[in-house]
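Biologist: I would like to learn how to read a model like this one. Could we go through it feature by feature?

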Amino acid sequence: TIPTRPAAADVAPAPAQVPGHVHLRWLAAAPHRAFFLAGATALTVGALWWTLRLAARSGLAPPIAAAVPDPWAHAWLMTFGVMPGFVFGFLLTVFPRWMNATPIAAGTYVALASGYGVALGLAFAGLFLGLEVFALGAGVLAGTWAVAWLALLNVLLRAEQPVEHAVLAAFALGLGLVSAAACAWGLYALDGTVVHTALRAGLQACWLPLVYAVCHRMLPFFSQAALRGEALPRPTWWLVTFTGAAYAYQALATYGRFEWLWLPSAGLALVASLSFARWRPWAARGVPLLWTLHLAFAWLALALWLQTAQTAGFALTGEWHLGRAPLHALAVGFFVALVVAMATRVTLGHSGRPLAMDAWTVRCFLLVQLAALLRIASELLPGGTAPAEALLVASAAAFLAGAAGWLFRYGPTYLRPRLDGRPG
């Protein structure tokens with residue numbers, strides 16, 4: 001896990017409770033606690049709502065209200081609803097540690113987590129009350145994002161030892177803020193073009209380079225234990241090349257030059273594949289807390305090769321093949337699976353528990369893997385057919401089971417003190 005500081009100034013004062021006693025005040029003990037709990041809850045509730053919607057569409061469940069268009073609601077919840085909880089919870093914790101800077105004050109991250117929770121509450125209420133409420137939730141999320149970004153930027157600008165991963169993360173989050181705000185406006189104005197463009201920009205210009213940067217820094221570090229301390233390569237040019245290709249893709253897509261998207265897609269896939277191979281994933285076998293990280297990262301390379309094939313096919317034929325298979329390989333196979341693996345490690349390490357993933361968590365992770373495979377398989381069948389719809393429902397159900405199982409296993413941890421009695 002990330003080494004903790006001996007000073008207690010990086011956390012809120014520990015409430016005087018009996019060890020192990022559940023209490024809401026423990027959410028203020030460290031930045032990741034409230035954010036991870038809210039993000040995992042949003043992931044589970046969003047998965048439940050989406051499963052019911054798909055089941056109703058297939059005639060497997062009674063109809064439920066649809067106050068927001070399904071594609072908008074589902075895409076926003078996954079892109080701007082769930083991801084910020086885990087990303088900000090992680091970065092508000094590690095930014096000061098990466099750069100030996102002053103930790104972010106407890107009052108700041110508690111206020112940010114509260115804003116994030118309000119945004120999610122409004123968004124979920126909007127699913128039933130109307131698009132205006134949903135758009136308000138998206139707007140509150142963008143506002144909370146802005147304050148969180150400024151807090152991280154303040155740490156970066158004041159740091160005596162800034163690191164490239166923090167610089168890239170701050171830049172990506174700035175673009176993500178623009179995307180989140182634009183999406184909120186598009187939802188309010190009923191502008192589908194703005195909504196779609198903002199969602200794709202959030203995925204391609206924010207989460208893709210940012211999450212790769214986190215992997216570039218953390219995955220080799222985590223793997224050293226399995227390799228008996230042997231250092232793994234993580235050259236800066238990988239980071240620069242990957243980031244540049246991601247932004248080149250976004251620029252080409254924004255200006256409608258879709259026939260050239262295969263070029264940055266191939267660059268992204270090559271760097272991801274090289275990173276995966278050089279980080280020696282086979283050394284992680286037998287260590288679930290580590291091989292789950294490598295398996296999730298393998299999905300990044302697969303998703304980007306699928307994207308390369310899709311964009312190359314468009315350049316040659318003018319047709320988009322593979323449907324949303326590349327998108328879901330990236331979103332479910334990589335992002336969500338990595339969230340499960342990484343958040344498990346952070347939660348265990350920052351709660352004083354042994355760094356060992358249990359069988360329950362492995363099953364949750366594998367259910368997410370199954371969901372990704374089923375979702376991709378559904379894109380290979382004719383859309384709207386009974387087999388394709390059945391695969392969609394099965395994928396959503398597997399995803400729900402994995403998300404709910406993880407929340408059940410780790411949710412209470414954020415409401416309890418560390419087992420070792422240390423702050424955090």
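Modeller: Let us begin with the lining of the largest cavity. Its residues divide into 14 nonpolar, no polar and no charged. Keep in mind that this is a predicted model.

Biologist: How does one look for empty space?

Modeller: Rolling a probe the size of a water molecule over the atoms shows where empty space is left. Here, the structure holds four cavities of 30 Å³ or more. The largest has a volume of about 200 Å³.

Biologist: Which residues are closest to the centre of the largest cavity?

Modeller: Of the 14 lining residues, the closest to the centre are Phe-86, Val-87, Phe-90, Val-339 and Met-342. Now look at the elements. Those that give two or more residues to this lining are α2 (70-98), α6 (192-223) and α10.

Biologist: Which element gives the most to that lining?

Modeller: Helix α10 does, with six residues.

Biologist: Then let us stay with α10. At what angle do α10 and α12 pack?

Modeller: Helix α10 covers residues 325-349, and helix α12 covers residues 386-410. They pack at an angle of about 10°, and their axes are 12 Å apart. Angles under 35 degrees count as roughly parallel. That makes α10 roughly parallel to α12.

Biologist: Which residues meet between α10 and α12?

Modeller: From α10 come Val-332, Val-336, Val-340, Ala-343, Thr-344, Thr-347 and Leu-348. They meet Phe-399, Trp-406 and Tyr-410 in α12. The residues of this contact divide into eight nonpolar, two polar and no charged.

Biologist: Next, aromatic rings. How is a pair described?

Modeller: A pair of aromatic rings is described by the distance of the centres and the angle of the planes. A search of the whole structure finds 27 aromatic pairs. Take Tyr-212 and Phe-297. Their ring centres are 6.2 Å apart and their planes are at 35°, so the pair is tilted.

Biologist: Where do Tyr-212 and Phe-297 lie?

Modeller: Tyr-212 lies in helix α6, and Phe-297 in helix α9 (residues 288-317), so the pair ties together parts that are 85 residues apart in sequence.

Biologist: One last feature: the backbone angle phi. What should I look for?

Modeller: Most residues other than glycine have a negative phi. Asn-100 has a positive phi of about 50°, although it is not a glycine. Asn-100 is in the loop between α2 and α3 (106-129).

Biologist: What is the phi of Leu-322, and where is its place?

Modeller: Leu-322 has a positive phi of about 75°, and it is not a glycine either. Its place is in the loop between α9 and α10.

Technical notes. Residues are numbered from 1 along each chain as its sequence is written. This is a predicted model: local features need pLDDT of at least 70, side-chain atom pairs count only at pLDDT 80 or more; totals for chains, interfaces and linings use all residues. Side-chain values use heavy atoms; hydrogens and water are left out. Axes are lines fitted to C-alpha atoms, for helices over the stretch in contact, and angles run from 0 to 180 degrees between N-to-C directions. Helices (H or I, at least four residues) and strands (E, at least two) are DSSP runs, numbered from the N terminus. Angles under 35 degrees count as roughly parallel, over 145 as roughly antiparallel, 65 to 115 as roughly perpendicular and the rest as oblique. Contact means heavy atoms within 4.5 Å. Ala, Val, Leu, Ile, Met, Phe, Trp, Tyr, Cys and Pro count as nonpolar, Asp, Glu, Lys and Arg as charged, and the others, Gly among them, as polar. On a 1 Å grid over the protein atoms alone, a cavity is a set of points where a 1.4 Å probe fits but cannot get out, and a pocket is an open set with protein on both sides within 12 Å along at least five of seven lines; lining residues have an atom within 4 Å of a point. Grid points are joined across faces, edges and corners, and a volume is the space filled by probe spheres set on the points. Rings of Phe, Tyr and Trp (its six-membered ring) pair if their centres lie within 6.5 Å; planes under 30 degrees apart count as stacked, over 60 as edge-to-face and the rest as tilted.
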